[in-house]
Amino acid sequence: MRTDNGLAYSTSSSFPAEIHYPGTFQAFCQTKNETVVFAAQLMLNEIERMRAGEVTDQDVAFAKAAG
């Protein structure tokens with residue numbers, strides 16, 4: 001999605017967890033000042049899509065291959 005819109009120089013996310021407390025999901029991107037709001041909204045939309053369970057087998061395969 002980021003390359004389709006030419007928005008970000010880099011993106012990442014993580015879900016670090018420790019033994020004593022549950023993890024916190026984190027998402028990050030670097031983009032131009034002019035596209036910060038648009039890029040952040042795209043990230044939030046994608047996170048909500050995943051929370052809603054709209055993850056396809058193709059999404060999982062892509063994530064595993066990139067991994």
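Author: A salt bridge is a side-chain nitrogen of Lys or Arg within 4 Å of a carboxyl oxygen of Asp or Glu. The model is predicted, so local features need pLDDT of at least 70 and side-chain atom pairs count only at pLDDT 80 or more, whereas totals for chains, interfaces and linings use all residues. Residues are numbered from 1 along each chain as its sequence is written, and side-chain values use heavy atoms, with hydrogens and water left out.

Reader: Why is the contact of Glu48 and Arg51 called a salt bridge?

Author: The side chains of Glu48 and Arg51 meet at 3.3 Å, N to O. The limit is 4 Å, and therefore the pair qualifies as a salt bridge. Glu48 and Arg51 are 3 residues apart in helix H2, about one helical turn. Helices here are DSSP runs (H or I, at least four residues), as strands are (E, at least two), numbered from the N terminus.

Reader: What makes Glu48 partly exposed and Arg51 exposed?

Author: Buried means under 20% relative accessible area, exposed over 50%, and partly exposed in between (1.4 Å probe, protein chains only). Glu48 has 42% relative accessibility and therefore counts as partly exposed. Arg51, at 66%, counts as exposed.

Reader: How do you know that the span of helix H2 is close to the expected one?

Author: The expected span is 1.5 Å times one less than the number of residues. Helix H2 (residues 36–51) has 16 residues and reaches 22 Å from its first C-alpha to its last, close to the 22 Å expected. H2 is followed by Gly53, whose phi is positive, near 85 degrees.

Reader: What confidence does helix H2 have among the elements of the protein?

Author: On the pLDDT scale, the predictor's confidence in each residue from 0 to 100, H2 has the highest mean (91), and helix H1 (residues 2–5) the lowest (64). The protein averages 85, and 93% of the residues score at least 70.

Reader: Why is Thr31 called buried, and what joins its side chain to Thr35?

Author: Thr31 has 17% relative accessibility; the limit for buried is under 20%, and therefore Thr31 counts as buried. Thr31 is placed in strand S2 (residues 26–31). A polar contact of 2.7 Å joins the side chains of Thr31 and Thr35. The term requires a pair of N or O atoms within 3.5 Å; within protein, one must be able to donate a hydrogen and the other to accept it, and residues adjacent in sequence count only if both atoms are side-chain atoms.
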